[in-house]
Amino acid sequence: MHDGLENVVAAETVLSDVDGLAGRLVIRGLPLSALAGRVSYEHALGLLWDGFFPALPRDLTRSLGAARAKVFELTSNRFGAASGLAPFDALRMLMGALPDRTDLDTALMIAAAPSVLLPAVLRQAEGKSPVAPEADIGHAADILRMMAGVDAPKAMADGLDTYLVTVSDHGLNASTFTARVVASTQAGLDSSVLAALGALKGPLHGGAPGPVLDMLDVIGTPGQAAGWIDATLARGERLMGFGHRIYRVRDPRADALSAALDRLRSTGNVDATRMALAGAVETAALAALQRHKPDRPLLTNVEFYTALLLEALGFPRDTFTAVFAIGRVGGWIAHSREQALTGKLIRPRSIYVGPEAKEAA
Ligand code: COA
């Protein structure tokens, strides 16, 4: 038995490869370094979806923009029903109102939905009217526009674009596997993506970046980093933003996001004090984790720099997991199609360790 299915191969995929020893992520034949900060999210989506939908346009910018508009039109009369819910729960609820088919139009709408719904529920929570999408502009720029009600500086849109591309796909992680399990039953894309959203929510998967900022806030100053970290590990607690099931070296996505932060820093949107604290915490955490688990490399993962980048882009920390979903939804859809097209139902076995059956009296 493999606890947590560790090292179990459960699918063949042409989508992405995570090499945990080399610290390499390849998406459709391209290393992450050739994509993050270099291509738009729409381009990455086109790469991921290539071969899984007939008549896929070469450039998805307009189709995804039109899908954002369609989602707003289909769901805006339900925004009120989501008020009072936490952003991720509101997203999950509203996503349930979308069509559950497997054609390209449905895929585009489901891919667009988190980007439209998150800004809408955030504005609603602040007592502001949701802003309708602008179909003709880039996906990342439109998300920031729908959030703020005004156009965002290009550097910020570029930073968000880099983030969305960086997290668009990552092998058979928990949420992607969940999406594939549902798709293997030949259910629709909305069902697969809703299930994946549920898997993403937990702190061991997509829920870590908010707690990373909580950790920085509690630590407060660089000088207190080492003491706080040692005490936390001594209590048997985990440090959020460190460790990974696959990577035994630094997560390449951490580098992509750290580079995006560096680019953003020159625009004045990054708080230098915050970055100095984060640097001290990262250094102290890596040293402490090395002492704590000398045989198990526990290094910085994607969530550490996600937290810093999304904070610099103005997202409240309780939305970070939902912003992750805005990027990862493209991968979930590609994997769902890939799995469904195999025609094979995913159905593993379990070993029964309960009491022996008693004969009826
Ligand atoms: N802080 C402290 N200890 C950690 C740790 C962390 N961030 N991550 C793993 N460990 C320890 C575990 O406590 C465990 O110790 P044990 O053998 O004494 O029980 C050991 O390292 C192995 O951990 P395990 O949970 O078996 O590894 P995994 O591959 O299942 O876990 C994560 C991977 C991501 C779930 C894990 O590293 C973690 O919880 N990280 C913090 C949350 C996080 O950043 N999540 C985002 C992931 S991108």
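Mentor: In this predicted model, a residue is called buried when its relative accessible area is under 20%.

Trainee: Are Phe 72 and Phe 79 buried or exposed, and what kind of aromatic pair do they form?

Mentor: Both Phe 72 and Phe 79 are buried. Their ring centres are 5.7 Å apart, with 65° between the planes. Planes over 60 degrees apart count as edge-to-face, and the pair formed by Phe 72 and Phe 79 is edge-to-face.

Trainee: How many aromatic pairs does the structure hold, and why is the pair of Trp 49 and Phe 53 classed as it is?

Mentor: The structure holds four aromatic pairs. The rings of Trp 49 and Phe 53 have centres 5.2 Å apart and planes at 55°.

Trainee: What makes Trp 49 and Phe 53 count as buried?

Mentor: The cut-off is a relative accessible area under 20%. Phe 53 is buried because its relative accessibility is 7%. Trp 49 is also buried, and its relative accessible area is 0%.

Trainee: Which residue caps the N-terminal end of helix α13?

Mentor: Helix α13 comprises residues 272-292. At its N-terminal end, the backbone nitrogen of Thr 273 lies 2.9 Å from a side-chain oxygen of the capping residue, Asp 271.

Trainee: Which elements cover the buried residues of α13?

Mentor: The buried residues of α13 include Arg 274, Met 275, Leu 277 and Glu 282. Among the elements covering the buried residues are α10 (209-219), α11 (225-234), α12 (252-265) and α14 (302-312).

Terms used. Residues numbered from 1 in each chain as written. Predicted model: local features only at pLDDT ≥ 70, side-chain atom pairs only at ≥ 80, totals over all residues. Heavy atoms only, no water. Helix = DSSP H or I, 4+ residues; strand = E, 2+ residues; numbered from the N terminus. Expected span 1.5 Å × (residues − 1). Buried < 20%, exposed > 50% of the residue type's maximum accessible area, 1.4 Å probe, protein only. Contact = heavy atoms within 4.5 Å. Polar contact = N/O pair within 3.5 Å; in protein donor to acceptor, adjacent residues only side chain to side chain. Phe/Tyr/Trp six-rings, centres within 6.5 Å; stacked < 30°, edge-to-face > 60°.
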